[in-house]
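Reader: I am new to this structure. Could you show me how to read its features, one at a time?

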Amino acid sequence: MRLKTVFKSIFLIAITASFTACNNSEDYKDNSRATGWRLDGKDGNLKYKTDYDEQETGPGLVFVEGGTFTMGKVQDDVMHDWNNTPTQQHVQSFYMDETEVTNRMYLQYLDWLKYTFDPTEEKYRNIYYGALPDTLVWRNRLGYNETMTNNYLRHPAYQNYPVVGVNWIQATEFSKWRTDRVNEMVLEEKGYTAKGARFKADPASTFNSETYINAPSKVYGGNDSLTKGGRASARLVEVVDQDSTHNYVQRKDGVLLPAYRLPTEAEWEYAALGMSSVREYNKYRGRKKYPWDGQYTRDGGRRKRGDQLANFKQGDGDYGGIAGWSDDGADITAEIKSYSPNDFGIYDMAGNVAEWVADVYRPIVDDEFNDFNYYRGNVYTKNAINKDGTVKIVQSDSIIFDTLSNGSIIARALPGEIAQEPVTSEDTYLRTQFSKSDNRDFRDGDVSSSRDYSESDKTRMYNSPQHKVNVQKDSTGNATGLDRQYDTDANRTTLIDNEVRVYKGGSWRDRAYWLDPAQRRYFPQDMATDYIGFRNAMSRVGSKSQKGKRARD
């Protein structure tokens, strides 16, 4: 009996210790793991977001879970470009537009610019006109395409067709505008701005996401007056959240979405391959030829057998097939969602229009230096700071314009945005991962990309033409025209420089060969065509996979 009592006592002690250990194990959700202090803002402590779930999916986007894939191809390179050698890469999870940006989406951007920055005022004129797509891209000296020239952008029959005639810079500026409009709507829906605040057009008080985060008192032109209930006289609203009152959303609140942007080449190619559900060996190792399964461009299913899976040029003089039979349903571009999506739920990653991506073009992908979120094109900047230590906000009289190589003038910083400036040697001192602001030509073989480069060495590996456009002014300083100086040097050997960007995917003008997601071509960033459009991406913050999706799976 004594032995049984001893064993019973030991068992009870073990059970008690187990429960004690469980009780001592805390999740630290409402108090700090570091100090034990409360995190809910009570007792005079700072408040932290402890109930954040996960990033919301922005308008128009679908989730793409990241992973490892073979970028490039191992199939025949019939063009002998030798610019898509297979490399194994890893991309983080991100979001991608379900469809290409349409004419209606881009027209909303144009209408907002026109409504906010009256183009009849000289100082605002180039904001609107610099954003206009080039509708003359449809013209052909031996073809009658005036119908598209006059109607494609604005006629409602084409409202859900992908926008074209947009250069890379214009696509980038659209992405910035889209970010601000989406976040402005988020703030209004959550009660941080007055209802209808986003519809009050005032060029001196436009909303910018980064300005709101970094200098909230200067957003909306410095109108930092707050009001309960959102009176029409104020745009910012005082928000009372249980035990605390806070006037502005901060990054730590997790309310605002990350920026809409052009996808990187690696992201675009990964999304085009559509490997969300099955990861067969031939897909995983770079042997997938199209965004859909199989080696053919026609549907093999019973219901749609023989139907084309994308909009592309099938042969000489054959842009859609024989009418009423074997037709792909389009001669130029096609309406979005005319064909089935890939595994990620993304439409038209082959055919319809080719698409701009963020990267500067080089014939090689330098996987020896980096194989994680690969991207060539980083130009690091920082917020410009006034003498009093505050951030410098672009004003109506200090709008930043770029004069492109073709003479077009495009606004690159609008009123309400934070002015940017290049990082300096002080910012890069003793850093190992970067040493200068402009890294577009890093490790591309150019002498200027080496660490030992000196300004006295003018040798350029990519000996491309250098055209110049100068603004002519009269004696009073007013612009009178443009002086275009074409580079006529016969010793130029390439068109590649830091101003050319990659575009991906085949278009309605391309043969099936170009539908391979691995194919890569380049085009000057300030020029446009009738076969290149774009779509946006957004970075994923937090977990790699969507919690709800992973739970369902």
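Author: Start with one definition. A residue is buried under 20% relative accessible area, exposed over 50%, and partly exposed in between. Keep in mind that this is a predicted model.

Reader: Then is Thr493 buried or exposed?

Author: Thr493 has a relative accessible area of 62%, so it is exposed. Thr493 is found in the loop between β16 (479–485) and β17.

Reader: On to strands. How should I read a sheet?

Author: Strands of a sheet pair through backbone hydrogen bonds, either parallel or antiparallel. Here, four strands form an open sheet in the order β18-β17-β10-β19, with mixed pairing.

Reader: Which strands stand at the edges of that sheet?

Author: β18 (520–524) and β19 (532–533) do. Each has a single partner strand, so one side of each is left without a neighbour in the sheet. Further in, β10 (residues 354–360) and β17 (residues 500–504) pair in the antiparallel sense over three bridges. Trp356 has Tyr503 in β17 as its bridge partner.

Reader: Which strand pairs with β2?

Author: β3 (residues 87–91). The pairing is antiparallel, over five bridges. Phe69 stands opposite Gln89. Gly67 has Val91 as its bridge partner.

Reader: Why is β2 called largely enclosed?

Author: Count its buried residues. Four of the five residues of β2 (residues 67–71) are buried, so the rest of the structure largely encloses this strand.

Reader: Which side chains of β3 point to the buried face?

Author: Those of Thr87, Gln89 and Val91.

Reader: Now helices. How many residues of α5 are buried?

Author: 19 of the 22, so α5 is largely enclosed by the rest of the structure. Next, check its span. From first C-alpha to last, α5 reaches 32 Å, close to the 32 Å expected at 1.5 Å a residue.

Reader: Which residue caps the N-terminal end of α5?

Author: Asn167. One of its side-chain oxygens lies 3.1 Å from the backbone nitrogen of Ile169. After the helix comes Gly191, with a positive phi near 85°.

Reader: How many residues of α7 are buried?

Author: Nine of the nine in α7 (residues 265–273), so this helix too is largely enclosed by the rest of the structure. Among them are Glu265, Trp268 and Tyr270. Just after α7, Gly274 takes a positive phi of about 60°.

Reader: And what is the idea behind a nonpolar core?

Author: In soluble globular proteins, nonpolar side chains tend to be buried together. In this model, the largest nonpolar core has 44 residues. Those with the most contacts inside it include Tyr106, Trp138, Trp356 and Phe534.

Reader: Which element gives the most to this core?

Author: α2, with six residues. Among the other elements that give two or more are α3 (125–129), α5 (168–189) and β13 (409–413).

Reader: What does Tyr106 contact, leaving aside its neighbours within four places in sequence?

Author: Its contacts include Val101, Pro133, Phe174 and Phe534.

Reader: How many residues are in the second core?

Author: This separate core has 26. Met71, Ala266, Phe344 and Ile496 are among them.

Terms used
Residues are numbered from 1 along each chain as its sequence is written. This is a predicted model: local features need pLDDT of at least 70, side-chain atom pairs count only at pLDDT 80 or more; totals for chains, interfaces and linings use all residues. Side-chain values use heavy atoms; hydrogens and water are left out. Buried means under 20% relative accessible area, exposed over 50%, partly exposed in between (1.4 Å probe, protein chains only). Two strands pair if DSSP finds at least two bridges between them. A nonpolar core is a set of buried Ala, Val, Leu, Ile, Met, Phe, Trp, Tyr and Cys residues joined through side-chain atoms within 4.5 Å. Contact means heavy atoms within 4.5 Å. The expected span of a helix is 1.5 Å times one less than its number of residues. A polar contact is a pair of N or O atoms within 3.5 Å; within protein, one must be able to donate a hydrogen and the other to accept it, and residues adjacent in sequence count only if both atoms are side-chain atoms.
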